[in-house]
Amino acid sequence: MKFRYQALQRKRQPDELDAAVMLAAPRGWIAVFVVLIVMAGACVWAALARLDVTVDAPGVLTHPGGTSQVQSPYTGMARELLVRPADLVHAGQPLARLAGQAGTVRTITSPFAGKVISATLTTGQFVPAGATVATIERTDLPGDRLVALVFVPADRAARLVPGRPVDLNVSTAPPAVFGMLRGKVTSVDPYPLTREGLAAIAGGELAARSFQPDQAPRLVTVDLIPEPGSASGYAWSATKSPPIRLSSQTSVSASIALRTQSPFDLVLGR
């Protein structure tokens, strides 16, 4: 009986040659279509999407003239310091007085107008010629305004050009609340800053160390985008701007847009 049953089964097989064969269940085809749609969307995105390439660098809000150190042209004992930090001074204003030999008194004056950042003398201190009396942020240059001076590593500044947009993270305005301060590149120095040049702009050797971790940077000047209706006077990425006006000598972190590229370029390393 066993062999007869198998023979009957084989006899029916030729009659089933035209029967449909199920290669996959309907659920399997749905999964295939979903994968194909996702892959097609990814290909379209990779071909049409544009990604921003940026360079990040530290900086400071200041005036285009930066800071300059006023040095004593005389040797003597500090008799009187006439200014304090945050004082506004004009060109020719006395900064300090020194007692020289034979009872002479010499006055050290400011050669330019600006705001006093630091005044280092103390009464009775011996002051040799060439010693720093005060550091002053200059405000006497033509077109004076508040700008961001950004110190970009030299090897990352090759593609920087004027006009590129900049987002500034201001230390006194949390970006989670106020967003980023808007600006644009107005100039890029062609040569890296020397240690002395960086110290002169930043306000001394100690301040310059935070802007020069590994190599000499290039100075990038960023103009802030004005917005008259804003409380701060400048444009921000968020609708709510800081309720106070920005002040100089405020540290910032800049994100400068270099160019845009497609995801394909990113994968190929171009």
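This is a predicted model: local features need pLDDT of at least 70, side-chain atom pairs count only at pLDDT 80 or more; totals for chains, interfaces and linings use all residues.
How many helices and strands does the secondary structure of the chain come to? The count is six helices and 14 strands.

Some totals for the chain, then the salt bridges.

The chain has 270 residues, and 34% of them count as buried. Its accessible surface comes to about 16400 Å². Carbon and sulfur atoms hold 59% of that surface. On contacts, take those with a separation of 6 or more: 72% of them join residues 24 or more positions apart.

Now to the charged side chains. In general, side chains of opposite charge can pair when their charged atoms come close. How many salt bridges does the structure hold? There are four, and I will go through some of them.

Start with Arg97 and Glu80. Their side chains meet in a salt bridge, at 3.2 Å from N to O. Arg97 sits in strand E5, which covers residues 94-99, while Glu80 sits in strand E3, residues 76-81, so this pair ties together parts that are 17 residues apart in sequence. Are these two side chains buried, exposed or in between? Arg97 has 29% relative accessibility and therefore counts as partly exposed. Glu80, at 39%, counts as partly exposed as well. The cut-offs that matter here are under 20% for buried and over 50% for exposed, so values in between are called partly exposed.

Next, Arg182 and Asp167. What is the distance between the closest N and O atoms in this salt bridge? It is 2.6 Å. On the accessibility side, Arg182 comes out at 32% and is partly exposed. Asp167 has a relative accessible area of 24%, which makes Asp167 partly exposed too.

The last pair I will show is Asp140 with Arg138. These two form a salt bridge in which the closest N and O atoms are 3.1 Å apart. Asp140 has 33% relative accessibility, so this residue counts as partly exposed. For Arg138 the relative accessible area is 23%, and Arg138 is partly exposed.

Definitions and conventions:
Residues are numbered from 1 along each chain as its sequence is written. Side-chain values use heavy atoms; hydrogens and water are left out. Helices (H or I, at least four residues) and strands (E, at least two) are DSSP runs, numbered from the N terminus. Buried means under 20% relative accessible area, exposed over 50%, partly exposed in between (1.4 Å probe, protein chains only). Contact means heavy atoms within 4.5 Å. Accessible areas come from the Shrake-Rupley method with a 1.4 Å probe; for residues, only the protein chains shown count as cover.
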